[in-house]
Amino acid sequence: MKRKLIAAVGVAGMLMSVAACGGDDGDSGEKTGADGFKGQTLTVWAMDGSTPPGWTKDLTAAFEKQTKAKLKFETQQWNGIQQKITTSLSEDNPPDVLEVGNTQTPAYAATGGLADLSDLKSEIGADWTEALNASSVFDGKQYAAPWYFANRVVVYNKKVWADAGIKGTPKTRAEFFDALETIDKKTDAEPLYLPGQNWYFFDGLTIGQGADLVKKDGDKYVSNLADPKVGKAMEIYKEYQAFSKAPKDKDEATPQQAEVFAKGNVGAFIGMGWEAGTAIAANKKIEKDIGYFTIPGETADKPEGVFLGGSNFAVAAGSKKQELAKEFLKIALSDKFEGALAKENGVIPNKESLQTNLSANPAAVAAAPAAAGGGTTPLIPEWAAVENDPNPIKSYMTAVLKGKSPAEAAKQVEAEINKRLAQSS
Amino acid sequence: MSVQTERTDTGTAAAPGVRKTDVTPPGDTGSARRRGGASAPYLLLLPALLATVILLGWPLVKNGVLSFQNLNPRQLILHLTEWRGFDNYTDVLGGSDFWKVVQRTVVFTTVNVVLIMLLGTLVGLLLARLGKRMRLLLMLGLVLAWAMPVIAATTVYQWLFAQRFGVVNWLLAKAGWSSMADYNWFGTQISTFSVITLLIVWQSIPFVAINLYAATTTIPKELYEAASIDGAGTWKSFTSVTFPFMRPFLWATTFLEVIWVFKAFPQIFAMNRGGPDRLTETLPIYAFVEGPGNQHYGMGAAISFLTILILLGLTAYYLRTVLKQEEDEL
């Protein structure tokens, strides 16, 4: 008896452990707005940090006044976002509007889950900056609308720098290294907080070297990590990383680098301007000590290359509130709110004419000089798979930081990158 | 039936003849009643079977179907069904990654189960030897460890072994091992596995210990007396009295632990996400990373199906013994 029972328990447990993959749920039943949009709720997925409080409040008020519908923002985290978006787009009742990262937009456009916004582009997008709009276009159609862009800057602690006796901010990479060296010698602060896997910064260095992470081989894309220029970029990263005690196998979000910085014992970190807000939220006292400068390049006349991160707004093809979603985009991307977002978050707006909003934001002022030399990962649908955890670019970085030569490390991850680039969609 | 009949079931094999006196004679009225309520046991089984079919059977079938499909974001979002035949399986079985992971999973399971059974048995025997108060205390500790939610426990271990502010590194440094002050436990395969093993062993000792303690309570005292009269020492009375009684329990718990360790997902995944460099991915994690992680759901389903087969293979010996016994009993 007992043995039978145990066997039954065992088999049940075993099955439970390994079964189950996929599934579907969700219910529909949204009335389309024949008599206005009253009674409807528009759900918008925005990424962590994208929607500052002032902007969100004003925008919600304006939207609700104009459409009589309700607006609901749901904040998402970047880690694991692709799986979440895929699943939500497959459901009967997806979020209506989604913020999608520019490097991931082509992949979603290719899945057919995003609505065609070509008519919106002709209506309000005539002067969207061409380069910023590139990621939203796939197969000649507009699948998203450019929302904002941003590049990294050096966020530094003025007090630590003053303690070390440094005046002014560095204009070249060599000067920056000197300053970090001085902080290391003269204070007991950690000169720079840079974990081993901040691959956005590494991508910027790659762009600075004039190289790309992938290259075209015939009609398909393959890893370009073996390129000596990429290796050079990684060597520079390694020089930077030597000034930090941060783990070599973690990225800038684990732990949040701004929160480490907020403790006051770190000279600087490389991050988005708005990360200063995260630091201030963690420690109010740090606010007066925060300063920004452009990541310096090889020479004083040309700042370091940067990864031009950005986000687009897309509308789910499965959303039953297409009209309302477009109304939202018209308001959110209007000069008024696009300008307000630029001002509050220090991000580059989607039209050049709105850049005047940045002059009051010190982080944006520091970011602006580098933006011209910025770039992105290749805007191809195949790219997004490379970013999936565990990201082979991150593995490459850790390998080099732990002593492998860039060529060896490239060899180690190339097969994985090529496999992911070759995945059929 | 009472507990006593079950005891003889396990006991007769070990000490034939000795325990006859314990058996409760079967009731005379039994046969008449049995015929009337023949369908009752099946009716009573029904709810459990139904739950199993709905919660396990259906997902299993669904998973099997998925494993023959090409299901990526595009197919998922547009609700397309694209059949791939056995391509998912040939892709998985043809790659070297899968076999490496299988090997790793088997080694990981073996090491953990051996440690768990060894330490768990020792603790179980200790429980049997302790006085009332100490036994209660130890029991309490075991039950608390057993009751700790998996993710909470994993998080605590992560903190204990944290590179910068972890207690373990701090202690090691205090104890004079200064090179460990900034040691990154999650930087290499071996050290990550060590922490995970420690966690898993710690989590499963209570189950084994309490189970075996329960087993020892079924051993009649007279047997030990008889053994000592025959001149058996501690070791001899362990091998010829205690151990035979414990054997079926040891078998059953080993079997359950193999399953439990083999399928361990949250501990390993939450600890370091199968890192560094995918070196601590065991089969369930591999299936998750390749399936939902890389959004190749068909591939993930194929891997998880193969995982079930491998697990069945690993536990086949025990399952066969159990099934054979059942046939004998019929």
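Me: At roughly what angle do the axes of helix α8 and helix α10 of chain B cross?

Reply: Please note that this is a predicted model. In general, two packed helices are described by the angle between their axes and the distance between the axes. Here, helix α8 (residues 150-160) of chain B and helix α10 (residues 189-217) of chain B cross at roughly 135°, and their axes come within 11 Å. An angle over 145 degrees would count as roughly antiparallel; α8(B) and α10(B) are therefore oblique to each other. The crossing of α8(B) past α10(B) is right-handed.

Me: Which residues make the contact of α8(B) with α10(B)?

Reply: From α8(B) come Val150(B), Ala153(B), Thr154(B) and Tyr157(B), and from α10(B) come Val195(B), Leu198(B), Leu199(B), Trp202(B) and Gln203(B). Of the residues in this contact, seven are nonpolar, two are polar and none is charged.

Me: Let us turn to a strand. Why is strand β11 of chain A largely enclosed by the rest of the structure?

Reply: A residue counts as buried when its relative accessible area is under 20%. Strand β11 (residues 266-271) of chain A is largely enclosed because six of its six residues are buried.

Me: In which sense does β7 of chain A pair with β11(A)?

Reply: Strand β7 (residues 153-157) of chain A pairs with β11(A) in the antiparallel sense, over four bridges. Val155(A) has Phe269(A) of β11(A) as its bridge partner. Strand β8 (residues 190-193) of chain A, by contrast, runs parallel to β11(A), joined by three bridges. There, Leu192(A) stands opposite Ala268(A) of β11(A).

Technical notes: Residues are numbered from 1 along each chain as its sequence is written. Chains are lettered from A and ligands numbered from 1 in the order in which they are written. This is a predicted model: local features need pLDDT of at least 70, side-chain atom pairs count only at pLDDT 80 or more; totals for chains, interfaces and linings use all residues. Side-chain values use heavy atoms; hydrogens and water are left out. Buried means under 20% relative accessible area, exposed over 50%, partly exposed in between (1.4 Å probe, protein chains only). Helices (H or I, at least four residues) and strands (E, at least two) are DSSP runs, numbered from the N terminus. Two strands pair if DSSP finds at least two bridges between them. Axes are lines fitted to C-alpha atoms, for helices over the stretch in contact, and angles run from 0 to 180 degrees between N-to-C directions. Angles under 35 degrees count as roughly parallel, over 145 as roughly antiparallel, 65 to 115 as roughly perpendicular and the rest as oblique. A crossing is left-handed if the near helix is turned anticlockwise from the far one by less than a right angle, and right-handed if clockwise. Contact means heavy atoms within 4.5 Å. Ala, Val, Leu, Ile, Met, Phe, Trp, Tyr, Cys and Pro count as nonpolar, Asp, Glu, Lys and Arg as charged, and the others, Gly among them, as polar.
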